[in-house]
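Visitor: Hi, I'm new to this one. Could you walk me through it?
Guide: Happy to, let's bring it up.
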Amino acid sequence: MKVIYPGTFDPPTFGHLDIIKRLSQMFDEVVVALLINGNKNPIFTLDERIEMIKSDVEDHNLKNVTIKTFDGLMVNFAKEENAHIIARGLRGMADYEYERNLARVNEALFKGLETVYLLSNPDYSHISSSMVKEVASFEGDISSFVSADVERKMKEKFNY
């Protein structure tokens with residue numbers, strides 16, 4: 001069975017990696033789907049984000065994980081992939097409210113599309129890409145939030 005884990009991953013965090021690792025144990029195939037265009041303005045290029053996730057996936061020997069990109073509606077990507085399950089991580093109630101509404105819209109656009117939620121590991125529930133970017137922008141220590149490869153790239157991006 002195939003699952004899609006969509007997101008911007010700008011940058012990928014330990015929270016994202018934890019979800020990917022757990023999904024790889026639950027599903028035959030995990031597609032990490034990076035959004036090309038969105039309302040967000042990523043600090044990393046698409047290629048940089050792909051490279052960072054690929055590095056994290058390879059470091060953990062996750063053989064059933066592939067990385068793909070999509071533009072536009074995620075439901076259209078799911079149809080192209082012949083996937084009927086989307087996975088999302090939930091850090092707290094605020095995430096749930098947003099994700100619940102998104103799942104309802106997605107299901108209305110693609111009948112039979114299911115969304116499964118994984119609760120964040122408590123060790124990572126406080127981590128978000130936005131928070132990591134803010135800490136890095138002030139030259140803070142992000143080593144407990146992201147892999148060494150991502151940390152290096154963040155330091156390069158913020159020149160410290």
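Visitor: What do the side chains of Asp 149 and Lys 153 meet in?
Guide: Asp 149 and Lys 153 meet in a salt bridge, 2.9 Å from N to O. A salt bridge here is a side-chain nitrogen of Lys or Arg within 4 Å of a carboxyl oxygen of Asp or Glu. This is a predicted model, where local features need pLDDT of at least 70, side-chain atom pairs count only at pLDDT 80 or more, and totals for chains, interfaces and linings use all residues. Residues are numbered from 1 along each chain as its sequence is written, and side-chain values use heavy atoms, with hydrogens and water left out.

Visitor: How many residues apart are Asp 149 and Lys 153 in helix H6?
Guide: They are 4 residues apart in helix H6 (residues 148–157), so about one helical turn separates them. Helices are DSSP runs (H or I, at least four residues) and strands are too (E, at least two), numbered from the N terminus.

Visitor: Are Asp 149 and Lys 153 buried or exposed?
Guide: Asp 149 and Lys 153 are both buried. Buried means under 20% relative accessible area, exposed over 50%, and partly exposed in between (1.4 Å probe, protein chains only).

Visitor: Which residues are linked with them in a network of salt bridges?
Guide: The network links Asp 149 and Lys 153 with Glu 51, Arg 152 and Glu 156.

Visitor: And how many salt bridges does a search of the whole structure find?
Guide: The search finds 13. One of them joins Glu 81 and Lys 2, with the closest N and O atoms 3.0 Å apart. Glu 81 is in helix H3 and Lys 2 in strand E1, so this pair ties together parts 79 residues apart in sequence. Both Glu 81 and Lys 2 are buried.

Visitor: What about Arg 100, which residue does it form a salt bridge with?
Guide: Arg 100 pairs with Glu 97, again with closest N and O atoms 3.0 Å apart. Arg 100 is partly exposed at 23% relative accessible area, and Glu 97 is partly exposed at 35%.

Visitor: Switching topic: where does Asn 106 lie?
Guide: Asn 106 lies in helix H4. Asn 106 counts as buried because its relative accessible area is 10%. Leaving aside neighbours within four places in sequence, Asn 106 is in contact (heavy atoms within 4.5 Å) with Met 74, Val 75 and Leu 113.

Visitor: Which element gives the most to the lining of the largest pocket?
Guide: That is H4, with 9 residues.
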